[in-house]
Amino acid sequence: MRILVTGANGYLGQGIVKELLDKGQEVVAADFKLDHTDERAEGVECDLFDVGDPYEFFGEPDVLLHLAWRDGFVHYSDAHINDLPEHYAFLKSIAEGMKNAGHGRIAVMGTMHEIGFFEGAIKEETPCNPVTPYGIAKNALRELTALLCKQNNVTFQWLRGFYIVGNSQYGSSIFSKITAAAMEGKKEFPFTQGLNQFDFIDYDLFAKQVAAAVSQDDINGIINICSGRPEKLADRVERFIKENNYKIKLKYGAFPDRPYDSKAVWGDDFKIRMIMEKSQ
């Protein structure tokens with residue numbers, strides 16, 4: 001398949017593009033710059049929102065994997081709301097192109113922050129009540145993408161991401177920040193009490209799950225990209241520090257917990273387990 005991956009040079013895109021290529025897919029990697037993207041991909045450096053007809057511009061892809069998103073870790077950034085119409089217009093053009101071609105699939109990266117405050121296993125039918133501009137914008141795009149796919153007879157996949165664990169110092173997650181601090185030689189890292197429980201998934205497995213999901217079309221709709229189990233934040237961070245042999249200590253209680261974070265939340269992994277089993 002010819003798979004267009006937007007945001008290919010980002011933290012998530014780099015690993016996902018590599019996994020897709022390893023699976024033998026034809027990948028068109030699109031981003032402003034592609035200096036960290038696997039060179040086996042067909043690279044297109046561009047502004048996604050200024051390419052005219054994107055379906056034609058990117059060579060009529062069979063699948064779109066839309067990862068592109070600004071300020072994903074800055075939950076109150078105005079960019080989430082300001083960029084939403086641009087994402088919608090881009091996806092609308094792709095969906096209409098796929099309709100005219102008579103086939104196609106659109107997969108978009110979502111987030112568990114679409115759900116809002118919730119405790120327990122997040123399922124496909126779990127109601128969404130987002131409480132940040134990030135969650136609100138992503139949830140709106142989910143609903144709009146589902147509508148566009150239905151109107152244009154295009155297959156819809158919404159890949160709902162959870163908490164990704166990786167040791168890249170260039171990401172914006174707590175794990176990337178700890179990595180950067182450790183490399184700078186810092187001895188302490190300011191932290192919350194770390195009592196909340198979340199669904200953590202290692203970066204490599206996250207990339208494999210996304211690649212497997214978009215390489216098939218038997219299982220569609222909302223697909224949780226997750227481990228399927230909760231773990232206390234403090235336990236996972238302490239384990240991360242140990243796994244990487246960092247000489248840094250957590251300074252507990254330096255920050256309060258975010259009021260909108262759930263006490264215990266994780267993804268129902270039924271769909272992704274089926275997909276991964278079939279991909280073996």
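Is Thr 126 buried or exposed? Thr 126 is buried, at a relative accessible area of 9%; buried means under 20%, exposed over 50%, and partly exposed in between, with a 1.4 Å probe and protein chains only.

This is a predicted model: local features need pLDDT of at least 70, side-chain atom pairs count only at pLDDT 80 or more, and totals for chains, interfaces and linings use all residues. Residues are numbered from 1 along each chain as its sequence is written, and side-chain values use heavy atoms, with hydrogens and water left out.

1. Surroundings of Thr 126. Thr 126 sits in the loop between β6 (120–122) and α4 (133–151). Helices (H or I, at least four residues) and strands (E, at least two) are DSSP runs, numbered from the N terminus. A polar atom of the Thr 126 side chain lies 2.7 Å from the backbone nitrogen of Lys 123. Not counting residues up to four places away in sequence, Thr 126 touches Ile 115, Phe 118 and Ala 121. Contact here means heavy atoms within 4.5 Å.

2. The whole structure holds 20 salt bridges. The criterion is a side-chain nitrogen of Lys or Arg within 4 Å of a carboxyl oxygen of Asp or Glu. One of them pairs Arg 40 with Asp 38, at 2.9 Å from N to O. Arg 40 is partly exposed, at 45% relative accessible area. Asp 38 is also partly exposed, at 21%.

3. Arg 70 and Asp 83. These side chains meet in a salt bridge of 2.8 Å, N to O. The pair links distant parts of the chain, 13 residues apart: Arg 70 is in the loop between β4 (63–66) and α3 (79–101), and Asp 83 is in helix α3. Arg 70 is partly exposed because its relative accessibility is 47%. Asp 83 counts as buried because its value is 12%.

4. Arg 239 forms a salt bridge with Glu 243, with the closest N and O atoms 3.3 Å apart. Both residues lie in α7 (residues 233–243), four residues apart, about one turn of the helix. Arg 239 is partly exposed at 33% relative accessibility, and Glu 243 is partly exposed at 43%. Salt bridges that share partners join Asp 202, Glu 231, Arg 236, Arg 239 and Glu 243 into one network.

5. Lys 186. This residue is placed in the loop between α5 (174–183) and β9 (188–190). Lys 186 is partly exposed, with a relative accessible area of 45%. A polar contact of 3.4 Å joins its side chain to that of Glu 184. Such a contact is a pair of N or O atoms within 3.5 Å; within protein, one must be able to donate a hydrogen and the other to accept it, and residues adjacent in sequence count only if both atoms are side-chain atoms. Leaving aside neighbours within four places in sequence, Lys 186 is in contact with Ala 181, Lys 247 and Ile 248.

6. Lining of the largest cavity. Residues lining the largest cavity are Met 112, His 113, Gly 116, Val 131, Thr 132, Tyr 163, Tyr 260, Asp 261 and Ser 262. A cavity is a set of points, on a 1 Å grid over the protein atoms alone, where a 1.4 Å probe fits but cannot get out; lining residues have an atom within 4 Å of a point.

Notes:
1 Å grid on protein atoms, 1.4 Å probe; cavity = no way out; pocket = protein on both sides within 12 Å on 5 of 7 lines; lining within 4 Å.
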